[in-house]
Amino acid sequence: EDGGRMKLRLPFFGKKEPDNPKLEDVLANCASDLGRAKVIKKLLLETDSSIPQQLVLRAVKIFEKADDYTSATRLTSELGMVDETIEIYVRNKNYFRAVEVAERNYLTELAQNLREEGLDYNEKKGNFLVAAMFASKLELYDRASGLCEQVEEFESAAKYAEKAGQKERAARMYQLAGSPDKAIRILEDMGDLEEALDICLEINNIAKAASILDDLERFEEAIELQVNAGNLFGAALIAEHAFLTERAIDLHKQDGGYYCASELVEDPLQKRVIFLEGMNRFFNEDNLADAAKYASLAGLKVQASELYEQAKDYVSAAQCANATGDLERVMELHKKHRQVSLTAPILLEAGLVEEASQVYAERKFYREAINVLTKAGLKDKAEEVAFRAFEYHEGNENYKSAYEIAELAGLSEQAEHYVLLEKLLGDSNSNGTFELDTTTSDTNGLALYDEGDAKLSLTYDQGTLELIEEK
């Protein structure tokens, strides 16, 4: 030993060499049997040494005697001694690990027997949850449920009872576990609706209670329950299901669902009366948006448009105005809401192409403005819009868009102007501006480009660029 630490330098020890003096010397230097067992374990697991089996088995017994079952099973597992490993776990009452080893080695029947032993042992010892796990693995769910109940693990007891097909017991366990909704589900499955209803009322689950009353065809009770809870829509649905049509219509009206009420009648005049009732109610409640909706459904498009406008819903107001053919009002409303995508199609549908183009142009949607005029054969008008668009983009130095507009409208002169400019200045960057191509600049800072009879020059004056075109 060196400073209390043992240094081991041992050659290979085969099983046919039981008398190895060096190994014997090392073991002799150990102060106790446990010390010798630890040396054998270290040699076996951490070196290439081969230790005689009789010494290993002796070490296993020493570890077991010292209650070091982990070391004992490490040694037997290393030697592939499956039966001995399982026996050690069983002696230690570690049935989980014993089953694990048995299953890993495909000893299925032995694994089942070990589970039964584990169940009986842990139940006798009062380890009911552990016993329940073994019972579950053995598919003894009723027994597992009973074991969990003994320690008031009611949720687990209920789940095992369900697996055992004991629904009544499962429902009772779920109630004890504080999971009444699960108990209600099981009772419904069993058809015990009365018991389920009692639980619903006890926990104030009104919606579920009403649903069960509906299933029991106790419609009036169900409706009353929903009404008292303030769920008029739910009450109306139950009335519909019970074919209590007049009651359903009345409940929908109380709930503000005049459209739902109208769906329950077939006579157009009756529908219109219902819509008018809705309009008047919401107007009196200062709910102009809903008042406008029901005015529109009643066919009062003018009034609906005015109400929508007061509610600042200009899009809906414009749609109602369009339904009356009042396109002047549509335009007025457009100026308020400025939603081109909605106004322009309305004008186009009415055949007002120029007005639609004007709407597009006002919002700088020049391509759309030009397209609608071109499709309508109004070429001159399209060119007028194109010139305005070209000037707008050029003024904002967005030359790429200017060129695209010129191309779209067939403005060849402007398009050619753009091409020459691009050649002079170079490609445009992502912002639509240009960088000077200095390879065409003379020493005085004047950029020149010639093509046929046309000449473009770009001069600099205190950071300002000026384009001059001569022909």
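A residue counts as buried at under 20% relative accessible area, as exposed at over 50%, and as partly exposed in between, using a 1.4 Å probe and protein chains only. By that cut-off C148 is buried, with a relative accessible area of 2%. The model is predicted: local features need pLDDT of at least 70, side-chain atom pairs count only at pLDDT 80 or more, and totals for chains, interfaces and linings use all residues. Residues are numbered from 1 along each chain as its sequence is written, and side-chain values use heavy atoms, leaving out hydrogens and water.

**Overall content**

The chain has 29 helices and three strands, where helices (H or I, at least four residues) and strands (E, at least two) are DSSP runs numbered from the N terminus. Of the 471 residues in the chain, 39% are buried. With contact meaning heavy atoms within 4.5 Å, 29% of the contacts between residues at least 6 apart in sequence join residues at least 24 apart. The structure has zero disulfides, a disulfide being a pair of cysteine sulfur atoms within 2.5 Å.

**Two helix pairs**

Two packed helices are described by the angle between their axes and the distance between the axes. Axes are lines fitted to C-alpha atoms, for helices over the stretch in contact, and angles run from 0 to 180 degrees between N-to-C directions.

The axes of α5 (residues 82-91) and α6 (residues 95-104) come within 8 Å and cross at roughly 165°. The two helices are therefore roughly antiparallel; angles under 35 degrees count as roughly parallel, over 145 as roughly antiparallel, 65 to 115 as roughly perpendicular and the rest as oblique. The crossing of α5 past α6 is left-handed, that is, the near helix is turned anticlockwise from the far one by less than a right angle, clockwise being right-handed. From α5 the contact takes V82, T85, I86, Y89 and V90, and from α6 it takes Y95, R97, A98, V101 and A102.

Helix α16 (residues 232-241) packs against α17 (residues 245-254) at about 165°, with the axes 8 Å apart. This pair, too, is roughly antiparallel, and α16 passes α17 in a left-handed crossing. On the α16 side L232, F233, A235, A236, A239 and E240 meet R247, A248, L251, H252 and Q254 of α17.

The table gives the contact residues by class; Ala, Val, Leu, Ile, Met, Phe, Trp, Tyr, Cys and Pro count as nonpolar, Asp, Glu, Lys and Arg as charged, and the others, Gly among them, as polar.

| α16 with α17 | seven residues | two residues | two residues |

**Helix α20**

S296 lies in α20 (residues 288-297) and is buried at 15% relative accessibility. Leaving aside neighbours within four places in sequence, S296 is in contact with K301, A304 and C320. C320 is itself buried, at 6% relative accessibility.

Y294 also lies in α20 and is buried, with a relative accessible area of 2%. Not counting residues up to four places away in sequence, Y294 touches G256, G257, Y258, Y259, F275, G278, M279 and F282. Y294 and F275 are 19 residues apart in sequence and 5.2 Å apart in space, C-alpha to C-alpha.

**Helix α11**

In α11 (residues 167-176) the buried residues are R169, A170, A171, M173 and Y174. Their cover includes α9 (141-150), α10 (154-163) and α12 (180-190). After α11 comes G178, with a positive phi near 80°.
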